[in-house]
Amino acid sequence: MPTIPYPNILLDALEIGVIIIDDQFKVRYWNKWLEINTGIEPAKIVGENLQTFYPQIDYKVFSRKIRTTLRLHSPTFYDASLQNRFLEIPRTKITTSLLTTMQLQVTIAPYIPEQSMVMVSIYDISDLHELKLNLQHQMQTIAKLNDELYREKAIIDSNLLIAKIDSDCCVLEVTQAFVTFFGYKRESLLGRPLSYVFGEGSIDFDSKHMRDVIASQQRWSGEVKAFLENGDGIWLDAVVNPITDDNHEIRSYTVIFHDISDKKRIELLSITDPLTKLFNRRKFDEVFEQMIMRQHWNKDASFSLIMIDIDHFKRLNDTYGHQVGDKVLMETAQVLTQTVRTGDVLARWGGEEFACLLPDVNVEKALHVAQKLRSAIEMLDIPEAGVITASLGVSLYKIGDTEESLIQRADTALYRAKENGRNRVESY
Amino acid sequence: MENKQFSGDHLDVLKELVNIAVGNATASIADLLQAFGRMHIPQITISDMEGLNRHIKNSIPEQQQNYVTKQLFGGVFSGEFIFVISDSSALNLGYHLYDADEPPSEGDILDAVIELTNILSATIISRLTEELNTKVQFFVPSTEIIAGNDLISPEDLLNYHQIIIISTQMEFEHQNINGQIFILTKDEMIESLKALIDQKLEELYS
């Protein structure tokens with residue numbers, strides 16, 4: 001006894017396809033949804049065999065599913081995860097559609113088992129399927145990006161010297177390249193201040209510099225000197241970058257290092273006299289020009305130029321040979337380096353002549369330093385060369401002076417020192 | 001895990017009922033799929049998610065690629081039916097059900113796995129619930145291919161407390177098809193299952 005008077009109205013109102021069919025595939029009911037979406041009117045298909053309209057369906061499988069449903073009194077299903085395996089129904093969606101036919105979810109439920117009839121419910125799951133396909137595509141893209149990221153991370157890890165530090169300059173992470181380059185074990189670095197890596201003797205890379213940078217929460221780059229675990233000194237170019245979280249709060253810093261020791265060596269060679277290891281004339285001229293450019297010099301705080309010429313150097317060379325002459329130049333350079341004040345600039349001017357720039361001096365101070373230099377040379381003990389002396393000419397910068405005028409006055413003073421018996425200091 | 005709600009009698013009855021249901025499934029498969037085989041005596045354990053994870057890992061080889069079909073069933077006795085079949089068994093099943101000359105397509109294999117799961121779940125669960133005088137509603141099953149035996153996601157491990165695990169193994173030697181069945185019910189189902197078994201016991205001994 002039917003409890004619902006008009007079940008066909010109900011079935012036609014559903015937003016799914018409903019077929020009532022027997023085990024010989026004779027269609028008993030074809031609802032409105034199917035009529036609209038397939039274009040087949042119920043009047044044409046009801047009472048007919050489904051095979052006439054849809055010969056492409058695998059009827060052996062369909063038959064088995066109907067039999068299972070009827071035998072077990074339980075619904076059976078078609079797999080809905082891949083291609084459509086039941087009716088082919090065109091899809092009308094025009095925008096952003098990956099599917100031209102509907103992806104269906106098909107459930108076969110018992111209807112009147114005694115008459116071998118089942119009800120096939122057809123759900124359009126195309127939107128869901130599209131979302132799934134899109135998601136799979138996105139997941140594949142993400143997986144590909146992850147692979148690339150992993151490869152690039154591996155390249156970075158094995159090639160770049162990078163340390164991640166916290167706001168106290170303590171090491172949080174380091175790359176393998178960093179560990180290998182500095183010769184430390186990773187465990188011995190983590191949690192330690194970065195200055196530990198650079199050795200106690202490194203003043204250029206004292207935490208102060210880095211701490212100031214970190215305190216200012218800004219990007220910084222510069223050159224630092226560091227020491228390897230074996231004690232070798234190296235030069236590094238360092239770039240410090242803050243790492244912020246989603247709220248723009250700084251959580252840590254990356255420090256990227258680049259070994260510039262070779263560059264530094266070449267740079268040093270270009271400004272150094274190969275024999276004496278003092279600055280060469282080119283570097284001296286550069287420093288001299290910068291010193292002249294400074295505007296703050298006055299009578300009490302000026303700067304001085306001392307020209308130093310080794311006495312009778314030509315005779316010494318001729319008598320004892322060039323090897324002894326070179327040794328005298330080297331020893332003189334060394335003693336001058338030891339005697340000048342910190343901040344004074346010493347260079348080989350050419351031949352047996354040296355030049356020295358003394359910042360922040362007056363005449364008296366300049367003369368005092370010059371006398372010390374003369375005395376230090378006189379004290380040199382080079383047995384194969386005998387007693388070595390030098391004559392020194394001192395000039396003090398005055399407003400309006402140029403490099404040429406200052407050199408000319410120092411040269412004149414030097415000439416006077418030579419004239420007045422050598423091994424002495426004169427000023428002009 | 002020690003179960004304080006289920007007595008030994010309850011477990012014995014459940015084992016007996018599951019045995020009958022599994023026997024029924026074997027007959028149904030022989031009839032509907034023309035595959036003749038056997039099912040092992042089901043094991044019934046009550047565990048937590050960690051235990052279930054261990055149980056699955058012990059039952060399924062680590063290197064195996066699996067078709068894992070999950071189907072929910074609802075009612076007074078509700079839960080999840082899981083059927084796990086290796087890719088080689090699934091391929092054999094595809095050959096058997098689609099008896100094509102060419103190797104079955106991925107879609108054929110998936111549909112074959114769904115079909116077998118349908119029969120297994122409908123027979124086992126329906127028979128079990130029929131014995132317990134209750135009804136069950138089946139939901140649409142879904143299959144995914146999973147490499148290895150990590151079938152339980154870490155999130156799932158946190159979701160449930162107590163689970164009844166009914167597990168058995170089916171073998172169709174002639175077709176070279178093997179599979180693992182897990183029927184899982186959670187927390188509150190234990191109480192309703194216990195009540196259903198109590199009714200059954202009363203029915204049997206009255």
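Predicted model: local features only at pLDDT ≥ 70, side-chain atom pairs only at ≥ 80, totals over all residues.
View 1. Contact means heavy atoms within 4.5 Å, and 21 residues of chain A are in contact with 26 residues of chain B.

Residues are numbered from 1 along each chain as its sequence is written, while chains are lettered from A and ligands numbered from 1 in the order in which they are written. Local features need pLDDT of at least 70, side-chain atom pairs count only at pLDDT 80 or more, totals for chains, interfaces and linings use all residues, and side-chain values use heavy atoms, with hydrogens and water left out.

**View 2. Salt bridges between the chains.** A salt bridge is a side-chain nitrogen of Lys or Arg within 4 Å of a carboxyl oxygen of Asp or Glu. The whole structure holds 26 salt bridges over all chains, and the count between chain B and chain A is four. In one of them, A:Arg71 pairs with B:Asp31, with the closest N and O atoms 2.5 Å apart. A:Arg71 lies in helix α5 (residues 59–72) of chain A and B:Asp31 in helix α1 of chain B, so this pair joins two chains. Helices here are DSSP runs (H or I, at least four residues), and strands are too (E, at least two), numbered from the N terminus. B:Glu115 also forms a salt bridge with A:Lys65, and their closest N and O atoms are 3.7 Å apart.

**View 3. The side of chain B that touches chain A.** Which helices of chain B each supply at least two residues of this side? They are α1 (8–33), α3 (87–98) and α4 (106–131). The largest share, eleven residues, comes from α4(B).

**View 4. Two helices of chain A that cross.** The axes of helix α12 (residues 281–293) and helix α16 (residues 403–419) of chain A come within 10 Å and cross at roughly 110°. Axes are lines fitted to C-alpha atoms, for helices over the stretch in contact, and angles run from 0 to 180 degrees between N-to-C directions. Therefore α12(A) and α16(A) are roughly perpendicular to each other (65 to 115 degrees). A:Asp285, A:Phe288, A:Glu289 and A:Ile292 of α12(A) make the contact with A:Glu403, A:Leu406 and A:Ile407 of α16(A).

**View 5. A loop residue with positive phi.** A:Ser116 sits in the loop between β4 (104–112) and β5 (117–124) of chain A. Its phi is near 55°, a positive value in a residue other than glycine.

Note on methods. Parallel < 35°, antiparallel > 145°, perpendicular 65-115°, else oblique.
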